[in-house]
2 protein chains.
Amino acid sequence: MQPFPPDAGVPGFRFGAVTCGIKNTVKKDLGIIVSDRPCSAAGVFTRNRVKAAPVHICRRHLAGGTARAVIANSGNANACTGAAGADAARRVCRALAGHLGLPPRMVLPCSTGVIGVPFPADTVIRALPDLVHCPAPGGAAAFAEAIMTTDTRPKITALRAGADPGALSMLGIAKGSGMIMPDMATMLAFIVTDAAIEPPLLKTLLQAHAAETFNRISVDGDMSTNDTVLILAGNRSRTAVTGTTSRLGRMFDRLLFATMDALARMIVLDGEGATKLITIRVVRAPTEGDALKAARRIANSCLVKTAFFGEDFNWGRIMGALGSSGARVDQDRVCLSYNGIPAVRRGVALPDNIPQLKATVKKKEIELEVDLQAGRAQCRYLTCDLSYEYVKINADYTT
Amino acid sequence: MQPFPPDAGVPGFRFGAVTCGIKNTVKKDLGIIVSDRPCSAAGVFTRNRVKAAPVHICRRHLAGGTARAVIANSGNANACTGAAGADAARRVCRALAGHLGLPPRMVLPCSTGVIGVPFPADTVIRALPDLVHCPAPGGAAAFAEAIMTTDTRPKITALRAGADPGALSMLGIAKGSGMIMPDMATMLAFIVTDAAIEPPLLKTLLQAHAAETFNRISVDGDMSTNDTVLILAGNRSRTAVTGTTSRLGRMFDRLLFATMDALARMIVLDGEGATKLITIRVVRAPTEGDALKAARRIANSCLVKTAFFGEDFNWGRIMGALGSSGARVDQDRVCLSYNGIPAVRRGVALPDNIPQLKATVKKKEIELEVDLQAGRAQCRYLTCDLSYEYVKINADYTT
């Protein structure tokens with residue numbers, strides 16, 4: 001598996017972006033992805049019971065398992081906008097489909113930004129003639145910029161595997177920085193590949209890897225109303241992926257996991273106000289459910305996150321969070337380590353290691369291992385610290 | 001029901017406090033409450049699976065439903081201290097019982113402070129001769145000071161109901177400012193009363209009101225390893241409280257609720273870094289469980305709390321939190337109001353009210369009503385905002 005320059009693109013796909021004016025700034029706020037031919041397509045969506053209008057429409061348009069285009073905007077989430085919001089999203093799909101000569105159900109709409117503000121469909125529709133002329137194979141960076149909100153940088157990953165003529169390319173783009181604790185998918189993420197693969201298998205793999213990547217990250221414990229991950233497979237590769245047991249199937253599966261994992265990491269690294277990336281590994285848990293409960297509780301504890309910001313290896317807060325997680329925990333068995341340095345053995349501190357622990361929590365990336373000694377299940381979860389800057393961003397910015 | 005000056009005390013109880021040196025400062029860090037005669041006693045404790053040593057001992061000592069003394073320290077939680085911690089707490093109980101001429105099981109120990117540091121039993125025991133000589137009926141303020149950690153002020157409430165000779169007095173003391181989202185009790189809270197009441201009824205009432213008061217508050221969503229609420233009833237009143245249907249029973253019940261509610265409010269008002277008290281009322285929920293899930297999720301959302309700090313009536317974040325709470329919510333029925341000013345009707349914003357909403361979120365106390373229009377259950381929950389100061393306190397302080 002090799003990275004490649006994102007502006008080399010993926011055969012068959014074009015990306016474009018413009019400033020349409022939703023944001024009232026000079027920043028790009030509207031982007032499209034267009035495929036030369038019908039793609040196998042799949043998506044996973046937020047499980048928040050309050051869902052944005054485009055989430056409902058996207059899901060409906062994906063019912064047939066095929067798509068040709070994605071349209072995504074930042075600056076307005078089109079959430080809590082009632083029937084008018086749904087109507088606005090449908091009008092945009094119809095207008096873009098008209099420009100591209102497609103049926104509207106081949107267009108997948110996504111929005112991100114402020115909740116509860118009427119969606120300016122006319123502003124978007126007026127920008128479409130420009131937008132449909134700009135897409136280029138190398139436009140992924142522009143598209144990634146157009147979907148940013150509080151993100152400080154665009155998030156793109158481009159990976160290729162195998163040798164020609166059987167090589168596969170995959171390009172992933174995501175946005176997300178706050179309101180991040182997805183429980184089905186995350187924020188907005190778009191993946192395109194030239195692989196040939198049937199929609200049902202594509203959906204199965206996307207869901208399986210979402211559970212291990214996007215669903216195992218948290219910036220602030222808040223789940224968005226708009227979380228969406230979409231994948232479009234251009235069906236250009238000579239041989240079709242028909243399962244995950246063949247060589248090609250394993251290659252595709254690894255490529256997809258690596259792409260999704262890279263995007264999930266980028267989101268946490270660019271978490272609002274984040275100064276550190278914390279990887280929590282809960283091991284030897286009674287069940288996967290226990291491991292996930294423990295990891296998620298630690299990852300979302302304000303006290304744990306502020307301690308990491310203060311570069312304090314505060315294992316008492318980890319124990320407190322662990323014990324209240326709902327996971328089955330016997331405190332007299334718990335062992336904790338930071339970047340491999342033991343801090344707690346069987347529930348009791350190891351004071352000899354304090355100097356090394358103090359040094360290791362100053363690093364930018366910290367791996368916290370929580371060993372429950374109670375079984376064989378495990379879980380990995382990514383989070384970041386909680387800083388002044390997080391408070392500043394969210395006290396000042398209206399999402 | 002009338003407040004009275006806390007230094008008037010409650011007949012039969014004395015309070016004392018000293019600086020024993022756990023904290024290495026001149027601040028008081030050890031206090032006792034002593035009753036002239038055996039009390040009916042009850043407690044509720046943290047449901048955190050990681051529990052401090054004194055929590056286990058307190059619960060065991062309460063098995064008989066009677067007690068004569070409480071000893072509480074700040075600066076060391078005696079949590080995650082293994083067998084040595086349990087032994088230390090037992091030694092302190094035995095030593096105090098010796099000074100007071102009581103069986104050790106009549107002493108209830110409580111600790112709060114840093115987790116995982118060996119408990120300095122000898123330091124405490126050396127201070128006992130001074131401590132047992134200082135208690136006075138008016139010493140509640142000194143005791144309240146001795147149990148403070150990041151609290152910025154002592155928390156005391158004193159209420160009297162009825163007319164002599166049937167009057168009842170009740171005095172409550174609490175500490176708590178961070179690591180606050182109790183799920184059974186909270187932090188440390190001590191209540192003394194001269195009422196005559198049997199232990200089983202006392203326990204029932206304490207548990208019922210804890211569910212409505214201490215279990216409905218959150219500062220940061222973090223549950224402590226040491227949460228304990230104790231009540232000692234001195235059995236001095238002429239007539240015994242035998243139920244909650246008699247006039248006396250109703251009076252006692254109201255007094256107990258008012259005391260616990262006042263302490264719970266004080267904890268949230270003094271929440272780490274808090275600048276605002278937010279009362280969340282979820283009404284017309286399908287079940288009480290749904291109402292509580294919704295309220296707790298909103299109360300613990302970092303995005304909601306930072307918005308309140310920024311004096312931004314950010315109802316989109318309320319909707320996002322509500323939808324991800326697990327409560328059964330139909331977004332097209334939800335109505336939101338801030339201090340009685342409607343912000344959302346049936347899931348859609350009311351832009352005409354924006355000027356009034358902007359003004360009302362500048363107040364120090366905000367009541368947020370979340371009307372689900374889906375049933376008859378309801379729930380009240382208290383929380384505070386999330387400020388720079390919270391991050392500062394918790395990045396710098398080791399709990």
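**Entry 1: aromatic pairs.** I began with the rings. The model is a predicted one. My search of the whole structure turned up nine aromatic pairs over all chains. I took A:Phe143 and A:Phe190 as my opening case. Their ring centres are 5.3 Å apart and their planes stand at 85 degrees, an edge-to-face pair. Then I looked up where the two rings sit. A:Phe143 belongs to helix H4 (residues 140-146) of chain A, and A:Phe190 to strand E8 (residues 188-193) of chain A. The two residues are 47 residues apart, and the pair links distant parts of the chain.

Next I turned to A:Phe308 and A:Tyr338. A:Phe308 is part of helix H8 (residues 302-309) of chain A, while A:Tyr338 is part of strand E14 of chain A. They are 30 residues apart in sequence, so the pair ties those parts together. I checked burial here too. A:Phe308 has 4% relative accessibility and therefore counts as buried. A:Tyr338 has 0%, so it also counts as buried.

I went back to A:Phe143 and A:Phe190 for one more look. Together with A:Phe15 they form a cluster linked by ring pairs.

**Entry 2: charges over rings.** Which ring does the charged end of A:Arg160 sit over? I found the ring of A:Phe4, with the charged end 4.4 Å from its centre.

**Entry 3: a sheet in chain A.** I traced an open sheet of seven strands. Its order is E10-E18-E13-E17-E14-E15-E16 (chain A), and the pairing is mixed. Strand E10 (217-218) and strand E16 (348-349) of chain A are the edge strands, each pairing on one side only. I reminded myself that strands of a sheet pair through backbone hydrogen bonds, either parallel or antiparallel. How do E10(A) and strand E18 (residues 377-384) of chain A pair, parallel or antiparallel? They pair in the parallel sense, over two bridges. I followed A:Ile217 across to E18(A) and found A:Leu382 as its bridge partner.

**Entry 4: B:Val334.** I moved to chain B. B:Val334 is in the loop between helix H9 (315-323) and strand E14 (335-338) of chain B. Its relative accessible area is 0%, so I marked it buried. What does it touch, leaving aside neighbours within four places in sequence? The contacts of B:Val334 include B:Met319, B:Leu322, B:Val329, B:Val344 and B:Asp371. I also checked B:Val334 against B:Arg49, 285 residues apart along the chain; their C-alpha atoms are separated by 36 Å.

**Entry 5: positive phi.** I looked for non-glycine residues with positive phi. A:Asn78 has a phi of about 45 degrees. It lies in the loop between strand E4 (66-73) and helix H2 (82-100) of chain A. At 1% relative accessibility, A:Asn78 counts as buried. In chain B I picked out B:Cys80, with a phi of about 55 degrees. B:Cys80 is in the loop between strand E4 (66-73) and helix H2 (82-100) of chain B. It is buried too, at 3% relative accessibility.

**Entry 6: the two copies.** Last, I superposed chain B on chain A. A rotation of 180 degrees with 0.0 Å of shift along its axis does it, at an RMSD of 0.0 Å. The two copies are therefore related as by a two-fold rotation axis. Which residue of chain B comes closest to the rotation axis? I found B:Tyr388, at 2.6 Å (C-alpha). The same surface serves both copies, as 100% of the contact residues of chain B recur in chain A.

Technical notes: Residues numbered from 1 in each chain as written. Chains lettered and ligands numbered in written order. Predicted model: local features only at pLDDT ≥ 70, side-chain atom pairs only at ≥ 80, totals over all residues. Heavy atoms only, no water. Pairing = 2+ DSSP bridges. Helix = DSSP H or I, 4+ residues; strand = E, 2+ residues; numbered from the N terminus. Phe/Tyr/Trp six-rings, centres within 6.5 Å; stacked < 30°, edge-to-face > 60°. Buried < 20%, exposed > 50% of the residue type's maximum accessible area, 1.4 Å probe, protein only. Lys NZ or Arg CZ within 6 Å of the ring centre and 35° of its normal. Contact = heavy atoms within 4.5 Å. Least-squares fit on C-alpha atoms with pLDDT ≥ 70 in both.
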